[in-house]
Amino acid sequence: MTNETFTIAIDGPAAAGKGTLSRLIAERYGFHHLDTGLTYRATAKALLDAGLPLNDEAVAGKIAREVELAGLDRDILSKHEIGEAASKIAVMPAVRRALVEAQRRFSTKAPGTVLDGRDIGTVVCPEAAVKFYVTASPEVRARRRYEEILGKGTAADFDAIFEDVKRRDERDMGRADSPLKPADDAHLLDTSEMSIEAAFQAAQSIIDAVLSRNA
Ligand code: C5P
């Protein structure tokens with residue numbers, strides 16, 4: 001955080017609701033928002049498109065340094081295969097170093113920023129003014145993703161999605177470099193039995209309290 005910038009860090013596992021929450025918060029406060037998962041996805045997509053291997057750290061690191069934050073398109077990058085590939089290359093320190101540097105530069109934009117991901121409060125922006133850890137049980141997260149896919153009129157297999165959520169959690173929480181975990185000073189928002197709207201209200205009260213303390 002710089003004197004002019006107010007940074008909000010939002011971490012949590014896939015499908016916990018952190019994306020929606022981050023967008024609502026950014027809109028409410030007029031802050032810039034970066035979904036850092038898209039930076040890992042863009043790197044993975046560039047490798048896949050070029051037919052490059054997903055297990056060569058030097059190559060993946062070079063591609064990560066070329067990722068443009070301005071051109072990240074959620075619709076193009078949201079594909080399941082891209083998410084899987086992203087979580088594989090996200091274990092590589094060279095990839096993380098390149099993307100974290102770009103994310104840190106983004107985080108200093110005035111008047112404020114909201115970054116969501118897995119390691120924002122712990123690694124990317126440890127000095128963030130407010131940190132949230134948004135989570136929900138694997139069953140609830142798999143159910144949300146299942147209903148989202150059905151809602152788009154596409155067939156979905158709940159058991160396969162549930163296994164996928166658990167596998168992604170294992171990879172994100174178990175890796176050596178920047179594993180997914182709450183920062184010591186993060187506010188926990190468990191959306192298993194809380195709507196996103198209720199989580200947003202809770203987050204707003206916390207942010208407002210910090211903003212008025214800093215005023
Ligand atoms: O959040 P999303 O599903 O788009 O992220 C894709 C993958 O990118 C995650 O499974 C995770 O492995 C990786 N990621 C990460 N650190 C972040 C954001 C995403 O390792 N800050």
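# Reading the ligand site, pockets and backbone

Q: How far does a polar side-chain atom of aspartate 119 lie from a nitrogen atom of the ligand?
A: The distance is 2.9 Å, from a polar side-chain atom of aspartate 119 to a nitrogen atom of the ligand. A pair of N or O atoms is counted as a polar contact when the two lie within 3.5 Å. The model is a predicted one.

Q: Which polar side-chain atoms lie 2.8 Å and 2.6 Å from an oxygen atom of the ligand?
A: The 2.8 Å distance belongs to a polar side-chain atom of arginine 96 and an oxygen atom of the ligand. For aspartate 172, a polar side-chain atom lies 2.6 Å from an oxygen atom of the ligand.

Q: How much of the ligand does the protein bury?
A: The ligand taken alone exposes 450 Å², and the protein buries 95% of that.

Q: How many residues surround the ligand, and which are the closest?
A: There are 14 residues around the ligand. The closest are Arg41, Arg96, Asp119, Asp172 and Arg175.

Q: How should I read the largest pocket, starting with its volume and the residues closest to its centre?
A: Begin with the volume, which is about 1300 Å³ for the largest pocket. Its lining holds 45 residues, and Ala14, Ala15, Arg41, Arg145 and Glu148 are the closest to the centre. Arg41 is also listed among the residues closest to the ligand.

Q: Which elements give two or more residues to the lining of the largest pocket, and which gives the most?
A: The elements with two or more lining residues are α1 (18-29), α2 (37-49), α4 (74-77), α5 (80-89), β3 (112-117), α8 (138-151) and α9 (158-174). The most come from α9, with five residues.

Q: From which domains does the lining of the largest pocket draw at least three residues?
A: Both domain 1 (1-31 + 111-215) and domain 2 (37-109) supply at least three residues each.

Q: What is the volume of the second largest pocket, and which residues line it?
A: The second largest pocket has a volume of about 150 Å³. Its lining consists of Ala64, Arg65, Val67, Glu68, Leu69, Ala98, Glu101, Ala102 and Arg105. Two or more of these residues come from each of α3 (57-65) and α6 (93-107), and α6 gives the most, with four residues. By type, the lining has five nonpolar residues, four charged and no polar ones.

Q: Where does the backbone call for a second look?
A: Most peptide bonds are trans, and most residues other than glycine have a negative phi. The peptide bond from alanine 110 to proline 111 is cis, with omega near 5°. Proline 111 sits in the loop between α6 and β3.

Q: Where do alanine 15 and serine 178 lie?
A: Alanine 15 is in the loop between β1 (6-11) and α1, and its phi is positive, at about 65°, although it is not a glycine. Alanine 15 is also one of the residues closest to the centre of the largest pocket. Serine 178, which is not a glycine either, has a positive phi of about 50°. Serine 178 lies in the loop between α9 and β5 (187-190).

Notes
Residues are numbered from 1 along each chain as its sequence is written. This is a predicted model: local features need pLDDT of at least 70, side-chain atom pairs count only at pLDDT 80 or more; totals for chains, interfaces and linings use all residues. Side-chain values use heavy atoms; hydrogens and water are left out. On a 1 Å grid over the protein atoms alone, a cavity is a set of points where a 1.4 Å probe fits but cannot get out, and a pocket is an open set with protein on both sides within 12 Å along at least five of seven lines; lining residues have an atom within 4 Å of a point. Grid points are joined across faces, edges and corners, and a volume is the space filled by probe spheres set on the points. Domain bounds come from an automatic or database domain assignment. Ala, Val, Leu, Ile, Met, Phe, Trp, Tyr, Cys and Pro count as nonpolar, Asp, Glu, Lys and Arg as charged, and the others, Gly among them, as polar. A residue is near a molecule or strand if one of its heavy atoms lies within 4 Å of it. A polar contact is a pair of N or O atoms within 3.5 Å; within protein, one must be able to donate a hydrogen and the other to accept it, and residues adjacent in sequence count only if both atoms are side-chain atoms. Accessible areas come from the Shrake-Rupley method with a 1.4 Å probe; for residues, only the protein chains shown count as cover.
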